Amino acid sequence: MSAGLAHYLDVARGFQSRGSANDPAWLKTLRAEALRHFEARGLPTSKDEEWKYTPLSTLSSHPFQPARDVYAGEDVAAAVARLALPGPRLVFVDGRYVPALSVLTGLPRGVTLKPLSQALREDGELLEGTLGQRTRLGANAFTSLNAALLEEGALLTLAPRALSEVPVQLLFLVRGGNGPVLASPRIVVVAGEGSEATLVETYVGLGTEATFTNAVTEVSLGDNASLHHYKLQTEGDAALHLGGLYSRQGRDSRFQSHAFSFGGAVARNEVHALFAGEGGECLLNGLFVGRGTQHLDNRTDLDHAVPRCSSRELYKGVLDDRSRGTFHGRIRVREDAQKTDASQTNRNLLLSEGAQVDTRPQLEIFADDVKCAHGTAVGRLDDTALFYLRSRGIPKPEAERMLTQAFASELVLAVPAGPVRARVEALLSAKLPGGARLEVTG
């Protein structure tokens, strides 16, 4: 057993031994089962095909541990003031819920938002039948570690036909300050039949210390429900971020995922989407922008398990300096999933000789009456376009920035005009060539 695995087993066992006597039996069982699964899986290495491109040495070099105390100093309050979107929100610092900075007013009728720690006390029946249902079987080691440390996060529920027009925001700040901190938020979304909402998950780093965020989101959409999900990840230069999004769609439901990955020394985002009812629609968009020595890893797994569903997927990467990116996307069309309509595209722009990207699109088709396509491309800035701009007096750095921004704009413009798009545009602008080092921006 490696020292890294032994450390995280000790952390999880210590956490579970301190568990409240009032914790329900099903929750204790879930945590214990996850711990056994994590121990059996072990920490992945470069020899594991699924993890060969994701550097995880920081897991062993830093003894990450969950924060014990809730911190809400003036620096955090100032950051929340800059980052908060209009509307209801929950704020977490180093994985701990901060009620004083959260806003729970303004929720429409039929929409409930609460921290998971509260929901575990008040919504046990709902969570027992929902939590972990999409992640128990076949989950990777880190999803299991998240469940073994399951304590905090958020629960968003929508009653049948409930409509939330204002985005609901979950703001996760990692600050550190008392050693390498491990945050393990679990977000659960349960959308009833015909309901509709927008959820924004924002992950931001406030300090320079090494931090580890291991986030898991589970989405369950009832028949004809609709969810727009946005993830904005801008943690600091020493951060490790691992995130898993698991969705399950009912009949005629619609799910949109927009992932923007800009921060962290190493960041990996996984999306696992499942069609469980006919007539569903799924959109998976992703933009990752790296520089310095960042490593940004994106993996998607779209499972067409039933007939007459459609999916569209577009991921783009922009990599500068000696940064590295990875895209691994798989679409599975099962034998009974006739009339499937699916497409997957990955395009990457390398801005320097030292930047690198690995891309691996996959189609696994077991039905015969389907329409599926995929494509990938890796390139550099167009010399003709660059020459055209420079011939009109635009300096080379500005011309390069304009072309890079144009490359990325397709995914930014896929976000409806409003505060979410404005936040994405600000983060992207800071990250493009010539932009300031990525900082907490308002």
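Why is H7 largely enclosed by the rest of the structure? Eight of the eight residues of H7 are buried, so this helix is largely enclosed by the rest of the structure, where buried means under 20% relative accessible area, exposed over 50% and partly exposed in between, with a 1.4 Å probe and protein chains only. The legends below describe a predicted model, in which local features need pLDDT of at least 70 and side-chain atom pairs count only at pLDDT 80 or more, while totals for chains, interfaces and linings use all residues. Residues are numbered from 1 along each chain as its sequence is written, and side-chain values use heavy atoms, with hydrogens and water left out.

**View A. Surroundings of helix H7.** The buried residues of H7 are Ala141, Phe142, Thr143, Ser144, Leu145, Asn146, Ala147 and Ala148. They pack against helix H1 (3-17), H2, helix H3 (58-61), strand S7 (186-191), strand S9 (211-221) and strand S11 (239-249). Helices here are DSSP runs of H or I with at least four residues, strands are runs of E with at least two, and both are numbered from the N terminus. Contact, here and below, means heavy atoms within 4.5 Å.

**View B. Packing of helix H2 on helix H7.** The axes of H2 (residues 25-41) and H7 (residues 141-148) come within 7 Å and cross at roughly 150 degrees, which makes H2 roughly antiparallel to H7. Axes are lines fitted to C-alpha atoms, for helices over the stretch in contact, and angles run from 0 to 180 degrees between N-to-C directions; angles under 35 degrees count as roughly parallel, over 145 as roughly antiparallel, 65 to 115 as roughly perpendicular and the rest as oblique. The crossing of H2 and H7 is left-handed, a term for the near helix being turned anticlockwise from the far one by less than a right angle, with right-handed used if the turn is clockwise. From H2 the contact draws on Leu30, Arg31, Ala34, Leu35, His37, Phe38 and Arg41, and from H7 on Ala141, Ser144, Leu145, Ala147 and Ala148. By class, these residues divide into eight nonpolar, two polar and two charged, where Ala, Val, Leu, Ile, Met, Phe, Trp, Tyr, Cys and Pro count as nonpolar, Asp, Glu, Lys and Arg as charged, and the others, Gly among them, as polar.

**View C. Packing of helix H1 on helix H2.** H1 and H2 pack with their axes 11 Å apart and at an angle of about 170 degrees, and the two helices are therefore roughly antiparallel to each other. On the H1 side the contact is made by Leu5, Tyr8, Leu9, Ala12, Arg13, Phe15 and Gln16, and on the H2 side by Arg31, Ala32, Leu35, Phe38 and Glu39. The contact of H1 with H2 has eight nonpolar, one polar and three charged residues.

**View D. Packing of helix H8 on helix H9.** The angle between H8 (residues 383-391) and H9 (residues 396-412) is about 130 degrees, and their axes lie 9 Å apart, which makes H8 oblique to H9. H8 passes H9 in a right-handed crossing. Ala385, Leu386, Leu389 and Arg390 of H8 meet Lys396, Ala399, Glu400, Met402 and Leu403 of H9 in this contact, whose residues divide into six nonpolar, no polar and three charged.

View E. Leu158 is found in strand S4 (residues 153-158) and is buried, with a relative accessible area of 5%. Leaving aside its neighbours within four places in sequence, Leu158 is in contact with Gly110, Val111, Val190, Ala191, Gly192, Ser195, Glu196 and Ala197. Leu158 and Pro108 are 50 residues apart in sequence, and their C-alpha atoms are 9.6 Å apart in space.

View F. The place of Asp252 is in the loop between S11 and strand S12 (254-261), and Asp252 is partly exposed, with a relative accessible area of 32%.

**View G. Cys282 and Cys309.** A search of the whole structure finds zero disulfides, a disulfide being a pair of cysteine sulfur atoms within 2.5 Å. For Cys309, the closest cysteine sulfur is that of Cys282, at 9.5 Å, too far for a bond. Cys282 is buried at 4% relative accessibility, and Cys309 is buried with a relative accessible area of 2%.
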